[in-house]
Amino acid sequence: PPSSLSSSSTTIASKNNSIHLRDSDVTFIRGEISSLDHPGNTAYQKVVTNHKTTYANARSLKEKLQIARSIVSSCITQNRRFLECDDDDDDNNNNQGGIGIIPPSLGSVKWKKVED
């Protein structure tokens, strides 16, 4: 089904393809900048917060995993993607001395999808 999520996006070129960073995407990033202000991360945090009590009251690891998987599945159903910084892309470390410091804005990061 079509999603009501924002279609706003930033085109991020990668070596073999382009990843369009959308407002609905959940980003995982290390470094000096925060991805928490990204709209997709904000929405994801709300979903996680809504499940916090249920997760805390789960009696087994199996129940906790089911809750976590249901959150991820729900996000994917809503056309959200989980993206991480493409550490294999030289441009993400360009002019950083090769130490892996992330560029100063999410728009300058090259992305790849997080695999299962």
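View 1. Y44 counts as buried, at 18% relative accessibility. Buried means under 20% relative accessible area, exposed means over 50%, and partly exposed lies in between, with a 1.4 Å probe and protein chains only. The model is predicted: local features need pLDDT of at least 70, side-chain atom pairs count only at pLDDT 80 or more, and totals for chains, interfaces and linings use all residues. Residues are numbered from 1 along each chain as its sequence is written, and side-chain values use heavy atoms, with hydrogens and water left out. Leaving aside residues up to four places away in sequence, Y44 touches V26, I71, C75 and F82. Contact here means heavy atoms within 4.5 Å.

**View 2. The largest nonpolar core.** Seen here are V26, Y44, A58, I67, I71, C75 and F82, 7 residues in all. A nonpolar core is a set of buried Ala, Val, Leu, Ile, Met, Phe, Trp, Tyr and Cys residues joined through side-chain atoms within 4.5 Å. Helix α3 (residues 61-77) gives the largest share of this core, 3 residues. Another core, of 5 residues, lies apart from it; I19, L21, L83 and W111 are among them.

**View 3. The aromatic cluster.** Ring pairs link F28, Y44 and F82 into a cluster. Rings of Phe, Tyr and Trp (its six-membered ring) pair if their centres lie within 6.5 Å; planes under 30 degrees apart count as stacked, over 60 as edge-to-face and the rest as tilted. The count comes to 2 aromatic pairs. In one, the rings of F28 and F82 have centres 6.0 Å apart and planes at 25°, so the pair is stacked. This pair links distant parts of the chain: F28 sits in strand β3 and F82 in strand β4, 54 residues apart. F28 is partly exposed, with a relative accessible area of 40%. F82 is buried, at 12%. In the other pair, Y44 and F82 have ring centres 5.7 Å apart and planes at 85°, so the pair is edge-to-face. Here too distant parts of the chain are linked: Y44 belongs to helix α1 (residues 39-50) and F82 to strand β4, 38 residues apart.

**View 4. The open sheet.** The order is β3-β4-β5, 3 strands with mixed pairing. β3 (26-28) and β5 (111-113) are the edge strands, and each pairs on one side only. Two strands pair if DSSP finds at least two bridges between them. Helices (H or I, at least four residues) and strands (E, at least two) are DSSP runs, numbered from the N terminus. β3 runs parallel to β4 (residues 82-85), with 3 bridges joining them. Within β4, E84 is the bridge partner of F28, and L83 is the bridge partner of T27. β4 and β5 run antiparallel, again with 3 bridges. C85 has W111 in β5 as its bridge partner.

View 5. L21 lies in strand β2 (residues 18-22). L21 is buried, with a relative accessible area of 5%. The C-alpha atoms of L21 and L83 are separated by 8.5 Å, although the two are 62 residues apart along the chain.

**View 6. The whole chain.** The protein has 3 helices and 5 strands. Along the sequence they follow the pattern β-β-β-α-α-α-β-β. Of the 116 residues, 28% count as buried. Among contacts between residues at least 6 apart in sequence, 58% join residues at least 24 apart.
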